[in-house]
Amino acid sequence: MIENRPWLTFFSHAVLILGVVIVAFPLYVTFVASTLTLDEIISVPMPLLPGSHMLENYAQVLTAGSEAGAAAPVGRMMLNSLIMALAIAVGKIAISIIASFAIVYFRFPLRNFFFWMIFVTLMLPVEVRIIPTFKVVSDLGMIDTYVGLTLPLIASATATFLFRQFFLTVPDELAEAARIDGAGPLRFFWDVLLPLSKTSMAALFVIQFIYGWNQYLWPLLITTQESMYTAVIGIKRMITSGDALTEWHLVMATAMLAMLPPVAVVILMQRWFVRGLVETEK
Amino acid sequence: MEKRVVFRSAWLPYALLAPQIAITIIFFFWPAGQAVWYSFQLQDAFGLKTQFVGLDNFRALFADPRYLASFKITALFSALVAGAGIVIALLLATMVDRVAKGALAYKTLLIWPYAVAPAVAGVLWAFLFAPSIGLVTYVLKKNGIDWNWVLQGDQAMLLVVIASTWKQISYNFLFFLAGLQSIPRSLIEAAAIDGAGPGRRFWTIVFPLLSPTTFFLMVVNIVYAFFDTFGVIDATTQGGPAGATNILVYKAYYDGVKAADLGGSSAQSAILMLIVITLTVVQFRFVERKVQY
């Protein structure tokens, strides 16, 4: 505290509280709507306090789904989302960490060429090469499979960069000592480098889990059966045209369920999340 | 920066790189190459014959008023999302940096929207603003504002801007907070002793020192508005009404997937790739020269 200005402190708190309230408002309304019946929601204005149908609504979406839109149970969709998010997060970390190990700890022909090849992928989000990528995946027979959902998304330049940056800060003495003691590269990787990388891995895991869970365009194209929908796709499919036909109480319950895992990960693993976010981007 | 100590092996580094390189080639380079290749071709209505047409697809695009309109809409949309997101996040980060009590609580309450999927963010806001049942719509109508984003283009744009900005504020906020916390307190204290008030300290010391962060966030936010907001658009306006929110990436998707115009959509993809590559190069050239403080 540099100087005491009570009115400014008051103003700061006022701005922050207003900010927090505005940011949280959609979430609150979503929660309230997920505890009401459809009739209560469409009677304008809808109540601002939670109703009594919470358990009922959540039980219905988890086990049966919405009848107006996609009929698949959301429980199944959550499972699909979880598999997708975990496969992408773990897969990305695994292939990136060995790739950066090769790039940092070996000298070999074409090293820079491979490095640039990975680097360039930073510039090509899925959205700009949708149709050709879709064609490749369908030619490989991966439509409606978990492999098709995850494999095309696990090559990641950001993760490779993060590990590369981290490996470059690991003291050379460690590798030297390992070599003198007669440890080969794989032994060094497994016994020295991997334990040192735990924090970086945790940070990346949070970021990539959220990335995987929140994927939209890719699962939209690659899944045709309701049993393969992810939770985010499921919500979209439940909304029919016209406000009145949509079963909003069920859509909102599904939205709450779809937000719960990634938000919980961010809040519970806040320290790693902040680290991962700020470090992967720099 | 290079390592002094390295291992030697004729095959191991290639084996370690193999999974990543294989996936990169199959799912990045091959499709991206195909997108460029298709963009020079014309396919007949049944997809049976293709013909090499050179730059015709690109010429047709730039002669198409809807495509040019989509460019303008994307420019407006990304300027609004990046501008609003940066200003609001900077305000909140400055306030959190200022308060002594409750900073951690505020931080936690402000960062969670990062975890919400863009499509879900779109659904949440579309529900609040729904023409017949929305809560905000109700308040607006009480105040004599005729709100119906399903019919009115500028309101639809406002809706997607709000939803996209809301989701992005937490990201910008964290970067600004990290930037603010790395500014040496002694600088601020010196200015305070010299009699500079909080406003003056912000504009003459804090804001210039934050400029690398601001610039970085501008690029990231523009890329976000160009591509990641696909979910917001698809879950709410779907480019409508009458193309009022038809941003470039949505148009490329729609023309390719829904309208099955392979050549035209690929040409759009090729142009989008060019835009991303330019933005990435700008960002990296800048990061290399970035002043450390």
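In this predicted model, W248(A), V251(A), A255(A), A258(A) and M259(A) of α14(A) meet V120(B), V123(B), L124(B) and F127(B) of α5(B). Contact requires C-beta atoms, placed from the backbone, within 7 Å. Helices are DSSP runs (H or I, at least four residues), numbered from the N terminus. The residues of this helix contact comprise 9 nonpolar, no polar and no charged. Nonpolar covers Ala, Val, Leu, Ile, Met, Phe, Trp, Tyr, Cys and Pro; charged covers Asp, Glu, Lys and Arg; the others, Gly among them, are polar. α14(A) and α5(B) (residues 118-128) pack at about 140°, with axes 11 Å apart. Axes are lines fitted to C-alpha atoms over the stretch in contact, and angles run from 0 to 180 degrees between N-to-C directions.

Residues are numbered from 1 along each chain as its sequence is written, and chains are lettered from A in the order in which they are written. Local features need pLDDT of at least 70, side-chain atom pairs count only at pLDDT 80 or more, and totals for chains, interfaces and linings use all residues.

The contact between the chains takes 80 residues from chain B and 84 residues from chain A. Helix α1 (residues 12-38) of chain B gives the most to the chain B side, with 17 residues. That side divides into 65 nonpolar, 11 polar and 4 charged residues.

Definitions and conventions:
Contact = placed C-beta atoms within 7 Å. Helix = DSSP H or I, 4+ residues; strand = E, 2+ residues; numbered from the N terminus.
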